[in-house]
Amino acid sequence: TWDPDAETVRNWRRDQRPNACLRRATWPVRATSVLLLVLWIMLTLVLWAVLYLAASFVVSALCALARCAGGADLFARLEKLRKDRLVRLTLYAAVTIGTIVFIVPFVAFSIAWAIFATVVWVFCWLLFHTPVLRRWLPTTTRHHLRFFVQMPMMAIHQFGNRTFARHEP
């Protein structure tokens, strides 16, 4: 079996990575993807607060009506609902709505970026395979295409790793 040494593996991985210029060129896509994620998180939290306040107000009003009407059993059930389940129910609703609001523009953005990145990559690949220009242009490989197309998802993934990674002392 082939057992490469560390230097061979390092060189192989380095050859697959796009150069610094290509990585810098994708900065707007990375920033837009992370911005969509951050806006989604903020929207979900605001929506949850609004839903919780509205539901809490409705349940409090129903508790007051039940107390006035003398329905002790109904009052006890509504009070338990307000204490136990209201936070969870409104959070689930807010996260579900927020996820749909995030996924729709993110998928549309990712598809548009994948089409644009493929067109740019084909142009670069054709330029690289032009005999005269081959000497001066950087190598364009299929790994660059994979890097370009997956950029929005990689940006979200890297942001999540940096934000939520555990840092042991």
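Author: Contact means heavy atoms within 4.5 Å. In the protein chain, residues 24 or more positions apart account for 73% of the contacts with a separation of 6 or more. The model is predicted: local features need pLDDT of at least 70 and side-chain atom pairs count only at pLDDT 80 or more, while totals for chains, interfaces and linings use all residues. Residues are numbered from 1 along each chain as its sequence is written, and side-chain values use heavy atoms, without hydrogens and water.

Now the pocket (an open set of 1 Å grid points over the protein atoms alone where a 1.4 Å probe fits, with protein on both sides within 12 Å along at least five of seven lines; lining residues have an atom within 4 Å of a point). Trp12, Arg13, Gln16, Arg17 and Pro18 belong to the lining of the largest pocket, together with His143, Arg146, Phe147, Gln150 and Met154. Two elements give two or more residues each to this lining, namely helix H1 (6-16) and helix H5 (142-149). Here a helix is a DSSP run of H or I with at least four residues, a strand is a run of E with at least two, and both are numbered from the N terminus. By residue class, the lining divides into four nonpolar, three polar and three charged. The space in this largest pocket is about 200 Å³.

Of its 169 residues, 21% are buried, where buried means under 20% relative accessible area with a 1.4 Å probe and protein chains only.

Pro152 belongs to helix H6. The C-alpha atoms of Pro152 and Val34 are 8.2 Å apart, although 118 residues separate the two along the chain.

Thr140 sits in the loop between helix H4 (72-128) and H5. Thr140 is buried too, at 12% relative accessibility. From Thr140 to Phe123, 17 residues away in sequence, the C-alpha to C-alpha distance is 9.9 Å.

Thr44 lies in helix H3 (residues 27-69).

As for confidence, the mean pLDDT (the predictor's confidence in each residue, from 0 to 100) is 83 for the protein chain, and 90% of the residues reach 70 or more. Helix H6 (residues 151-164) has the highest mean, 89, and helix H2 (residues 20-25) the lowest, 78.

Definitions and conventions
Grid points are joined across faces, edges and corners, and a volume is the space filled by probe spheres set on the points. Ala, Val, Leu, Ile, Met, Phe, Trp, Tyr, Cys and Pro count as nonpolar, Asp, Glu, Lys and Arg as charged, and the others, Gly among them, as polar. Buried means under 20% relative accessible area, exposed over 50%, partly exposed in between (1.4 Å probe, protein chains only).
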